[in-house]
Amino acid sequence: MSSQKALFLQGPQGSFVVGDKPVPSPGEGDLLIKVDAAALNPLDWKIQKGFTGFVDDFPAVLGADLAGTVVEVGEGVTHFAKGDRVITQGAYTPDRAGYQQYALAVGEFSAKLPPQISFDEGASIPSAALAAGFGLYLDVNESGPGGAGLTPPWEAGGPGKYSGKPILILGGASSLGQLAIQFAKLSGFSPIIVTASPRNESLLKSLGATHVIDRSLQTEALRSALSAATTAPIDLIFDAVSLSETQQAAYDLLSPGGTLALTLPPTINVDSQARKRVFFIRGIAHIPELRKDAANFFAALEGLLANGHIKPNPVRVLPDGLKGVAAGLKELEEGRVSGQKLVARPHETPV
Ligand SMILES: NC(=O)c1ccc[n+]([C@@H]2O[C@H](COP(=O)([O-])OP(=O)(O)OC[C@H]3O[C@@H](n4cnc5c(N)ncnc54)[C@H](OP(=O)(O)O)[C@@H]3O)[C@@H](O)[C@H]2O)c1
């Protein structure tokens, strides 16, 4: 096992091509994993379209969410052993990205996968859980990456702490939205009001949403639907979509003194008189100042998965392993994926 198949993005705006690549060796703190499933993220098609800041060198290997089996353990790793089923957040560097058959994982940014969750389902979890978890629970930090500053449900006093307080989640059916709903439920928020296509209502209610509002409603209709769900002020909004129109709607619906968590950089003009805090979530374990928080998060996530408190997204497996990724990314780009995570199985790549 010295060579493997990987999916290479040839360059910005370039095509994806399957090729050969050496299997890397784990350094200190690393795991080498056989990638049983790699999930697709919007960032991958954005990078292919020329979005900069994540990938500098081409050809590049993409893919931020991996699930697989530990085949080798690096020095200093004590929590994992050969044969463990794990999930991890990959990085956009050649040996740590998902679209290949073997990848390195930072042990501290990995969690054991319980037997009731398949590899395909497991791959849907890391980035969505981290972004939702960081958005809600990282400390407030006005000068760097931070969050809404809530007490996490895995810490003393955290479970159910926000009972009786409403939360609005825009894009409840997105991968991040589904995780945000589940964290909001663990934190006790009530009601949990989400926007989505009506076809996703039963899925989102099964995760903890109490009210599902049709995502096609414009701001004033949305305001009426919100008022029907709660008379309490909306102090926290998680915008999992964060297109300029959802950002503006969220900002307008937020109560003075409230917090708006965005998953994309802000495009709205923040009125300093309005006393509304707006921040952009950085759900990336590999950012140096977030590494310790990420390690704590993955340790907590392992427990939440084992006890069934956090569930994966519904998944759809793409055909032809790595060769199916490009078509899957096109579906994501064109908004043709609803309530599901697309997953590739690198070892099913035809030779
Ligand atoms: N900041 C970070 O750390 C971070 C991390 C990961 C991802 N992101 C970003 O976060 C965004 C979401 O990522 P994701 O992976 O969760 O996306 P996703 O799962 O691909 O999102 C697809 C879903 O978005 C929903 N949607 C689209 N437009 C909507 C609208 N106007 N209102 C309500 N729902 C809408 C659709 O819901 P229906 O099917 O119900 O119509 C669809 O199910 C992306 O822009 C991504 O790049 C940021």
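Author: The area buried between domain 1 and domain 2 is about 620 Å², and carbon and sulfur atoms give 40% of it. In domain 1, the residues that lose the most area to domain 2 are N313, S338 and G339, together 57% of what that side buries. Keep in mind that this is a predicted model.

Reader: What makes a residue of domain 1 count as being in contact with domain 2?

Author: Contact requires heavy atoms within 4.5 Å. Eight residues of domain 1 are in contact with eight residues of domain 2. The centres of the two domains, taken over C-alpha atoms, are separated by 28 Å.

Reader: Which residues have the most contacts inside the largest nonpolar core, and what makes it a nonpolar core?

Author: They are I169, F183, L204, F238 and L301, in a core of 59 residues. The name applies because the members are buried residues of listed types, Ile, Phe and Leu among them, joined through side-chain atoms within 4.5 Å. The largest share, eight residues, comes from α3. The core draws at least three residues from each of domain 1 and domain 2.

Reader: Which residues does L204 touch?

Author: Leaving out residues up to four places away in sequence, L204 touches G172, A173, Q178, I181, V194, A196, A209 and V212. Apart from the core of 59 residues lies another core, of 34 residues, among them A6, A38, L40 and V70.

Reader: Which residues of helix α7 are called buried, and why?

Author: T246, Q247, A249, A250, Y251 and L253 are the buried residues of α7 (residues 244-253). They are called buried because that word stands for under 20% relative accessible area. What covers them includes β8, α6 (219-229), β11, β12 (259-262) and β13 (277-280).

Reader: What does the UniProt annotation say about residues 11-343?

Author: The unreviewed entry has "domain: Enoyl reductase (ER)" for residues 11-343. Over this range the chain is 26% helix and 21% strand, with the end C-alpha atoms 23 Å apart.

Key
Residues are numbered from 1 along each chain as its sequence is written. This is a predicted model: local features need pLDDT of at least 70, side-chain atom pairs count only at pLDDT 80 or more; totals for chains, interfaces and linings use all residues. Side-chain values use heavy atoms; hydrogens and water are left out. UniProt positions are given in the numbering used here, feature names are shortened, and annotations may be inferred rather than shown by experiment. Helices (H or I, at least four residues) and strands (E, at least two) are DSSP runs, numbered from the N terminus. Buried means under 20% relative accessible area, exposed over 50%, partly exposed in between (1.4 Å probe, protein chains only). Domain bounds come from an automatic or database domain assignment. Buried area is the accessible area (1.4 Å probe) that two parts lose on being put together, summed over both.
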